[in-house]
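Please look at the sequence and the structure before reading on.

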Protein chains: 2
Amino acid sequence: MIKKLQDKLHLEIPLTKLMQLNIKEYNEHELITTAPLSININDKGTAFGGSLSTITIISSWSMCWLISESLGYDSKNIVVIKNTNNYLKPVTKDIFCHTIKPTQKEIQIVKEKLEKKGSASLTIQSKIIEDDQVCVEFEGVYVIKL
Amino acid sequence: MIKKLQDKLHLEIPLTKLMQLNIKEYNEHELITTAPLSININDKGTAFGGSLSTITIISSWSMCWLISESLGYDSKNIVVIKNTNNYLKPVTKDIFCHTIKPTQKEIQIVKEKLEKKGSASLTIQSKIIEDDQVCVEFEGVYVIKL
């Protein structure tokens, strides 16, 4: 599933390949994505805000895609409709983004909405963490349509 | 000034070059930036949310840089600390981002804060517009430090 997601992103969303976004791990708690500092650097030698925003947006999008796949849907229409980023500390090394998996109860609600209405919205949170400290907090609202 | 900004971005923030961000115009009302759809496309054939977020973040950052330069400062420390994006409509063509220039009164307050405290915060708004319709609304809070 990770390989399918990685290939999909790099093939269909060229910026994810250019910024060298990689899917590192997906487990029952979270999705971990990474990107090297070198290509995502800014004028201050730390990670560029645009790269930080992009990795959070696409990682939370990826969580929606993984949930949609796990429910047996091959949704081609998952979109972000709103997001907020708080930049708490500069990121000084390669970027690691942790996207929190919704609870089984939340996923069940998504499943029911998709079955009944053909669409569902989901609020997803990602955090960019360096040396156990949260550098960026992200929250995005996504809509999945069948 | 536009050339200096363009060169600075492409040289110091490689993602802006990879996504082919260009500074199109800077006048008394706004800064207009563009990026081609082709390289910033998503799986649905419209502009990628990460690219839309990035162009708004860097365009509003650029407005802060232009203001800092116009006040005679060569600030090397302008950072985004918070941003919000609302995605109202998909972007189906090349991306055009309009960043609103703060009023002279707001710029005067920034000048006074920089003189007195050596730092100032600024809230900047960018909009991505296609066929006279706002597709993305952005608001970012930036800090300029001397």
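## The interface

Chain B brings 36 residues to the contact and chain A brings 36 residues, where contact means heavy atoms within 4.5 Å. The model is predicted, so local features need pLDDT of at least 70 and side-chain atom pairs count only at pLDDT 80 or more, while totals for chains, interfaces and linings use all residues; side-chain values use heavy atoms, with hydrogens and water left out. Residues are numbered from 1 along each chain as its sequence is written, and chains are lettered from A and ligands numbered from 1 in the order in which they are written.

The size of an interface is often given as the accessible area lost when the parts come together. Between chain B and chain A the buried area is about 2,800 Å², and carbon and sulfur atoms give 62% of it. Buried area here is the accessible area (1.4 Å probe) that two parts lose on being put together, summed over both.

## Polar pairs and composition

How many salt bridges are counted between chain B and chain A? The count is 0, a salt bridge being a side-chain nitrogen of Lys or Arg within 4 Å of a carboxyl oxygen of Asp or Glu. Polar contacts, in contrast, are found in 14 residue pairs across the interface of chain B and chain A, both residues at pLDDT 80 or more. A polar contact is a pair of N or O atoms within 3.5 Å; within protein, one must be able to donate a hydrogen and the other to accept it, and residues adjacent in sequence count only if both atoms are side-chain atoms.

On the side of chain B that touches chain A, α1 (2-12), α2 (14-18), α3 (49-70) and β3 (77-87) of chain B each supply at least two residues. Helices (H or I, at least four residues) and strands (E, at least two) are DSSP runs, numbered from the N terminus. With 11 residues, β3(B) gives the most to this side.

## Strand pairing

Strand β3 (residues 77-87) of chain A runs antiparallel to β3(B), joined by 5 bridges; two strands pair if DSSP finds at least two bridges between them. A:Asn85 has B:Asn83 as its bridge partner in β3(B).

Within chain A, strand β2 (residues 30-35) and strand β4 (residues 95-100) are antiparallel and share 6 bridges. A further 3 bridges join β4(A) to strand β5 (residues 119-130) of chain A, also antiparallel.

## One residue of β5(A)

A:Ser126 lies in strand β5 of chain A. Its relative accessibility is 1%, so A:Ser126 counts as buried (under 20% relative accessible area; exposed is over 50%, partly exposed in between, 1.4 Å probe, protein chains only). The side chains of A:Ser126 and A:Ser60 are joined by a polar contact of 2.8 Å.
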